[in-house]
Amino acid sequence: MVGNSATGMMTGYLSRPATSGVEGVVFRFKRYAIHDGPGIRTTVFLKGCPLECTWCHNPEGQDFRPRQMAGGPATGGRPLTVGRQVTVARVVAEAEKDLVFYDDSGGGVTFSGGEPLAQPDFILALLATCRHRRLHTVLDTSGFAPPELFLDAARLSDLVLFDLKIIDPDLHRKYTGVNNRQILSNFRAACRAGIPMRVRVPLIPEITATEANLHRLGAFLSTCRAGCPVDLLPYHRIGEDKYRRLGIGHPGRIPGNLDKARIRQAREILAGYDLKVSVGG
Ligand code: SF4
């Protein structure tokens, strides 16, 4: 099914024709996903991310090329190659295997990563092809991308899940490796353009889930007149073993999970800015 996307002028990135033969690198297909947008979805994880978040639970998706990873319980200990080159046609064909579930549930395809906008030609061709085939699309992004690319991709999506982390620029650079100026500017541009969005805030103890950061996030989001709902995503440790299996050190110490009282407090702080806040997403 297809939702209503904001319309507007498409810019330079879309002057090139999208073709189903465009290739990119994908590292995972997750079928029957229920937390990555409305309904039942297939989530496609595009490889490569310009950020290096201290808490990243998909470190195998950060670099752009396929790489080896030591085996875990799911592979019976066998090593695996993470990432493969695929065409847009292949991705869409894979997603269309579950059309019946999308139709029944109002679902579709979610593009995540990594950072899907870090493969510009690929993501634009994927979104354009899905729109042509009337597949509902969700773009899950950090917002760290050139403004033209970001808006073109957002306008081709039925919903954007915008991951906002830290408002203070120095702390953002410290914990993600990049400045947040472009991210915040893209978010404001999307609000002005009326792009349908949900904001996702990873709740990382002592990093994003501090009172100071939550108040600054609340103040920032309350200036966006579009009134996007906010999903709080509490940190979990499931990705930590992947660092060992990739043979890389964990980029930082995360002091455990947040307890329910701290999650409730985070929700109350943001709700105090007149935002619609849920836990999970
Ligand atoms: S933006 Fe997402 S994929 Fe990229 S490093 Fe941060 S958490 Fe990992």
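These legends accompany close-up views of a predicted model.

The structure is a predicted model in which local features need pLDDT of at least 70 and side-chain atom pairs count only at pLDDT 80 or more, while totals for chains, interfaces and linings use all residues. Residues are numbered from 1 along each chain as its sequence is written, and side-chain values use heavy atoms, with hydrogens and water left out.

View 1. Cys49, Leu51, Glu52, Cys53, Cys56, Gln62 and Gly114 surround the ligand. A residue is near a molecule if one of its heavy atoms lies within 4 Å of it. The shell has four nonpolar, two polar and one charged residues. Here Ala, Val, Leu, Ile, Met, Phe, Trp, Tyr, Cys and Pro count as nonpolar, Asp, Glu, Lys and Arg as charged, and the others, Gly among them, as polar. The ligand takes up the space of the largest pocket. A pocket is an open set of points on a 1 Å grid over the protein atoms alone, where a 1.4 Å probe fits, with protein on both sides within 12 Å along at least five of seven lines. A molecule sits in a pocket if more than half of its atoms lie within 2 Å of its grid points.

**View 2. The cis bond at Gly114.** The peptide bond from Gly113 to Gly114 is cis, and its omega is near 15°. Gly114 is found in the loop between strand 6 (108-113) and helix 3. Helices (H or I, at least four residues) and strands (E, at least two) are DSSP runs, numbered from the N terminus. Gly114 is also one of the residues around the ligand.

**View 3. The nonpolar cores.** The largest nonpolar core has 60 residues. Val91, Phe111, Ile123, Leu164, Phe187, Met197 and Val230 have the most contacts inside it. Helix 3 (residues 120-132) gives the largest share of this core, seven residues. Apart from it lies another core, of 13 residues, among them Cys49, Cys53, Trp55 and Ile254. A nonpolar core is a set of buried Ala, Val, Leu, Ile, Met, Phe, Trp, Tyr and Cys residues joined through side-chain atoms within 4.5 Å. Buried means under 20% relative accessible area, exposed over 50%, and partly exposed in between (1.4 Å probe, protein chains only).

**View 4. Around Phe111.** Not counting residues up to four places away in sequence, Phe111 touches residues including Val44, Leu46, Val91 and Pro116. Its contacts also include Ile123, Leu126, Leu127 and Cys130. Thr137, Val138, Leu139 and Asp140 are among them too. Contact means heavy atoms within 4.5 Å.

View 5. Thr141 is found in strand 7 (residues 137-141). Thr141 counts as buried because its relative accessibility is 0%. Beyond its neighbours within four places in sequence, Thr141 is in contact with Glu115, Leu117, Phe150, Val160, Leu161, Phe162 and Asp163. Leu161 lies in strand 8. Its relative accessible area is 1%, so Leu161 is buried. With the neighbours within four places again left aside, Leu161 is in contact with Asp36, Gly37, Val138, Leu139, Asp140, Thr141, Arg198 and Arg200. Leu161 and Arg200 are 39 residues apart along the chain, yet their C-alpha atoms are separated by 6.5 Å.

**View 6. Helix 4 under cover.** Eight of the 10 residues of helix 4 (residues 147-156) are buried. They are Leu149, Phe150, Leu151, Asp152, Ala153, Ala154, Arg155 and Leu156. Their cover includes helix 3, strand 7, strand 8 (159-163) and helix 6 (181-193).

**View 7. Val230 in strand 10.** Val230 has its place in strand 10 (residues 230-234). At 0% relative accessibility, Val230 counts as buried. Not counting residues up to four places away in sequence, Val230 touches Val199, Val201, Leu221, Leu270, Leu275, Lys276, Val277 and Ser278. The C-alpha atoms of Val230 and Gly114 are separated by 21 Å.

**View 8. Two loop residues with positive phi.** Arg134 is not a glycine, but its phi is positive, about 60°. Arg134 lies in the loop between helix 3 and strand 7. Arg134 is exposed, with a relative accessible area of 59%. Glu206 also has a positive phi, near 65°. Glu206 lies in the loop between strand 9 (197-203) and helix 7 (211-222). Its relative accessible area is 55%, so Glu206 is exposed.

How values were computed. 1 Å grid on protein atoms, 1.4 Å probe; cavity = no way out; pocket = protein on both sides within 12 Å on 5 of 7 lines; lining within 4 Å.
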